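Morning, everyone. Please bring the model up on your screens. I'll take it one region at a time.

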Amino acid sequence: MELSGLVRALRLEGPRDGQPPPAEQVLLQLGLLISQGPGGAGVLRDLGVLIEAADGQWLFGGRSPAALGELVAVLSGHAAPPKQEQDAADLPGEDSAYAATVERAADVGSVFLRLLEKLEVAKAQESLGVPMVGPVLARVMAPIYIFAATHVVERPWTNARSQSVAQELLASLVRAADCGSVAEFLRGKDEDEEGRFAAVMAILKQELTKDTWKCNPATKFVFSWTLPHVTRPWLGRYLERVLPPSLLISDDYREENKILGVRCLHHIVLNVPAADLCQFNRAQVVYHALYNHLYSREAPLIQAVLLCLLDLLPILERARRQQKLPRPTAACDEVLQLVLTHMEAEHRLALRRVYAKALPAFVQRLGILIARHLKRLERIILGYLEVCDGPEEEARLGILETLQSIIEHAWPRMPCRLPVLLKALLRMMWDVHTDRGSTPESVKTALLQGATQCLILLDRCSEGQVKVLLEGVYSSCEENRVRECLRQVQENT
């Protein structure tokens with residue numbers, strides 16, 4: 001029977017020449033027809049009408065769940081972005097193939113919406129003899145979710161219409177699963193309930209191998225968009241499934257993929273129990289993968305790596321203590337040594353800002369043990385305070401915060417460094433006050449307050465030497481703004 005004829009027959013509640021063919025047969029034929037390509041748009045329209053007109057008993061009964069699962073997989077593949085070579089270069093921004101994908105995605109999404117609407121109606125009628133829709137939902141939810149995640153965010157293969165359909169489809173999926181959010185849909189309502197994340201990863205796993213992950217340009221985005229929805233305590237049970245692809249993506253030569261992979265690793269570090277991460281030396285594997293990225297010259301990647309390392313280092317330190325390893329092997333010292341080496345020779349402002357903003361956290365992490373690095377830190381502090389790094393002065397503000405933390409943790413080592421630090425701070429205060437550039441007044445105020453706080457801390461740990469040294473400067477200073485900062489130091493007790 002022709003598809004259009006079948007639609008008419010179902011609308012008339014039965015064909016004139018007898019019963020309609022089994023749904024399984026029709027669905028398999030449709031899948032074959034769509035996969036062959038020509039006339040896809042017309043077939044999709046008729047399929048949507050067919051689903052809308054079909055009786056739930058006919059559509060979901062018998063062996064239909066398996067056939068519907070296969071059809072949904074075919075439809076999802078029909079609307080997927082075009083395949084690429086494994087070693088292909090960057091994605092093309094404008095491409096006719098992507099334009100065709102956008103149109104197919106919107107049509108396929110509309111079919112999926114009708115199917116989910118039909119399932120919701122059937123679920124409400126289960127008590128009236130309609131077949132149970134649970135097996136159908138179990139078959140179709142994961143591939144429909146992957147389709148929606150592929151098109152929900154702006155990509156080269158999406159437009160406003162396909163994104164809107166994908167967003168509506170996600171909402172419908174969440175509703176059909178009786179969940180309150182996408183996160184709940186994936187992970188389950190409570191810790192004991194298994195969500196749909198395992199089924200989603202089972203499909204993605206086939207495309208997240210070393211030889212295939214670049215063939216479908218959407219796969220890495222679907223994985224990285226899905227992963228953050230699964231948090232502690234659910235993520236730990238999926239560690240074996242999510243860690244290898246995260247490491248694989250982070251090990252790519254393209255910076256975009258490195259950052260994507262590192263962010264996935266960071267989410268894993270934050271949401272998987274430390275004991276699980278340390279088992280089988282996984283934490284060390286992640287650490288070495290991140291450490292190698294510290295040799296990069298790209299500021300966004302370095303920022304992502306340092307943020308991840310700062311959360312990973314306590315886990316490594318705890319494991320080191322349990323194994324009773326000697327202190328010199330501490331990973332925090334190793335990372336800081338490399339960071340300081342790069343900071344000392346760095347001239348690019350973007351990287352200087354990233355390093356300077358991360359440095360206070362390393363000082364806090366090491367505490368009094370930061371004294372091991374004071375010689376190099378002193379040179380870096382002096383060098384960074386001298387250089388204006390733009391309107392927001394992120395590098396200088398980060399260095400001032402670092403200096404405050406160093407004084408607080410390593411105060412016994414500060415008096416011998418007082419002359420050089422005092423001179424550098426006063427010079428910076430004068431430079432900030434006399435700056436006629438584009439630096440906002442709020443930033444200047446923050447710099448002056450940071451320098452003032454450093455002077456107060458230096459005075460405390462040197463038993464009042466700063467007040468003595470500043471007496472002549474204060475009496476001869478005629479600039480009210482600088483004079484006010486010096487007065488705060490003189491009057492602080």
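How much space lies in the largest pocket? About 370 Å³. Before I go on, two notes. This is a predicted model, where local features need pLDDT of at least 70, side-chain atom pairs count only at pLDDT 80 or more, and totals for chains, interfaces and linings use all residues. Residues are numbered from 1 along each chain as its sequence is written, and side-chain values use heavy atoms, with hydrogens and water left out.

Back to the pocket. On a 1 Å grid over the protein atoms alone, a pocket is an open set of points with protein on both sides within 12 Å along at least five of seven lines; a cavity is a set where a 1.4 Å probe fits but cannot get out; lining residues have an atom within 4 Å of a point. Points are joined across faces, edges and corners, and a volume is the space filled by probe spheres set on them.

Twenty residues line the largest pocket, and the closest to its centre are Ser 76, Gly 77, Ile 146, Ile 203 and Glu 207. Helices H5 (64-78), H7 (134-151), H10 (197-205) and H11 (219-226) each give two or more residues to that lining. The largest share, five residues, comes from H7. Helices here are DSSP runs (H or I, at least four residues), numbered from the N terminus.

Now the cavities. The structure holds four of 30 Å³ or more. H19 and H20 each give two or more residues to it. H19 has the largest share, four residues.

Stay with helix H20, residues 394-409. Its 16 residues reach 23 Å from first C-alpha to last, close to the 22 Å expected at 1.5 Å a residue. That expected span is 1.5 Å times one less than the number of residues.

Last stop: Leu 227, in the loop between H11 and H12. Why does Leu 227 count as buried? Because its relative accessibility is 1%. Leaving aside neighbours within four places in sequence, its contacts (heavy atoms within 4.5 Å) include Phe 197, Val 242 and His 267. Leu 227 and Phe 197 are 30 residues apart in sequence and 8.9 Å apart in space, C-alpha to C-alpha.

Notes:
Buried < 20%, exposed > 50% of the residue type's maximum accessible area, 1.4 Å probe, protein only.
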